[in-house]
Amino acid sequence: MRIVGVASDGLEAIQKAGELQPDLILLDVGLPKMNGIEAARRIRVVAPQSKILFLSQEIDVEVAQAALSEGGHGYVVKSDAGYELSAAVEAVMQGKKFVSRSVRGDTSHLQ
């Protein structure tokens, strides 16, 4: 795996996604200037082949649902990232959905 770009806010994430067309985009829900969910909606247009894996501090069913419904392929809670991020990346790259255990109990229908 190789990092091809880094963005500091939602608007920059959209621009870089369009330019770089990465295989995977790790996107924080809580980005400045434009939140990650809105950025994902726009990234789907400029980089439709890119898979989006959300990373968030939010352990919230509604946030996870919104992230996945706006083009996210996975949702990892930051507090779970140490032991789930690698598995999430692998699942998303294989075309599967991934939802952190912290929210999965309430959102098993999202998988």
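**Close-up views of the predicted model**

**View 1. Strands β3 and β4 in the sheet.** In this predicted model, β3 and β4 run parallel and are joined by two bridges. G74 has F98 of β4 as its bridge partner. The open sheet to which these strands belong has four strands in the order β1-β2-β3-β4, with parallel pairing. β1 and β4 (98–99) each have a single partner strand and stand at the edges, so one side of each is left without a neighbour in the sheet. Helix α3 lies across β2, β3 and β4 and runs at about 150 degrees to β3.

**View 2. Strand β1 and its pairing with β2.** Five bridges pair β1 with β2 in the parallel sense. L24 is bridged to K51 in β2.

**View 3. The buried side of helix α2.** Helix α2 spans residues 36–46, and G36, I37, A39, A40 and I43 in this helix are buried. These residues cover an arc of only 150 degrees around the axis, which puts them on the same side of α2. The elements against which the buried residues of α2 pack are α1 (10–20), β1 (24–28), β2 (51–56) and α3 (61–69). At the start of α2, the backbone nitrogen of I37 has a side-chain oxygen of N35 within 2.9 Å.

**View 4. The largest nonpolar core, and a second one.** The largest nonpolar core has 23 residues. L27, I43, I52, F54 and Y75 are those with the most contacts inside this core. Two or more residues come from each of α1, β1, α2, β2, α3 and β3 (72–77). A second, separate core has nine residues, among them A81, A88, A91 and F98. In soluble globular proteins, nonpolar side chains tend to be buried together.

**View 5. Surroundings of L27.** Leaving aside residues up to four places away in sequence, L27 touches A13, G36, A39, A40, I43, I52, L53, F54 and L55. Of its contacts, G36, A39, A40 and I43 are among the buried residues of α2.

**View 6. S56 in strand β2.** S56 has its place in strand β2. The relative accessible area of S56 is 2%, so this residue is buried. The side chains of S56 and Y75 are joined by a polar contact of 3.3 Å. With residues up to four places away in sequence not counted, S56 touches D28, V29, Y75, V76, V77 and K78. Y75 is also one of the residues with the most contacts inside the largest nonpolar core.

**View 7. Two loop residues with positive phi.** Most residues other than glycine have a negative phi. Q21, which is not a glycine, has a positive phi of about 45 degrees. This residue is in the loop between α1 and β1, and its relative accessibility of 37% makes Q21 partly exposed. K33 is likewise not a glycine and has a positive phi, of about 70 degrees. K33 is found in the loop between β1 and α2. With a relative accessible area of 69%, K33 is exposed.

How values were computed:
Residues are numbered from 1 along each chain as its sequence is written. This is a predicted model: local features need pLDDT of at least 70, side-chain atom pairs count only at pLDDT 80 or more; totals for chains, interfaces and linings use all residues. Side-chain values use heavy atoms; hydrogens and water are left out. Buried means under 20% relative accessible area, exposed over 50%, partly exposed in between (1.4 Å probe, protein chains only). The arc is that of the directions from the helix axis to the C-beta atoms. Contact means heavy atoms within 4.5 Å. A polar contact is a pair of N or O atoms within 3.5 Å; within protein, one must be able to donate a hydrogen and the other to accept it, and residues adjacent in sequence count only if both atoms are side-chain atoms. A nonpolar core is a set of buried Ala, Val, Leu, Ile, Met, Phe, Trp, Tyr and Cys residues joined through side-chain atoms within 4.5 Å. Two strands pair if DSSP finds at least two bridges between them. Axes are lines fitted to C-alpha atoms, for helices over the stretch in contact, and angles run from 0 to 180 degrees between N-to-C directions.
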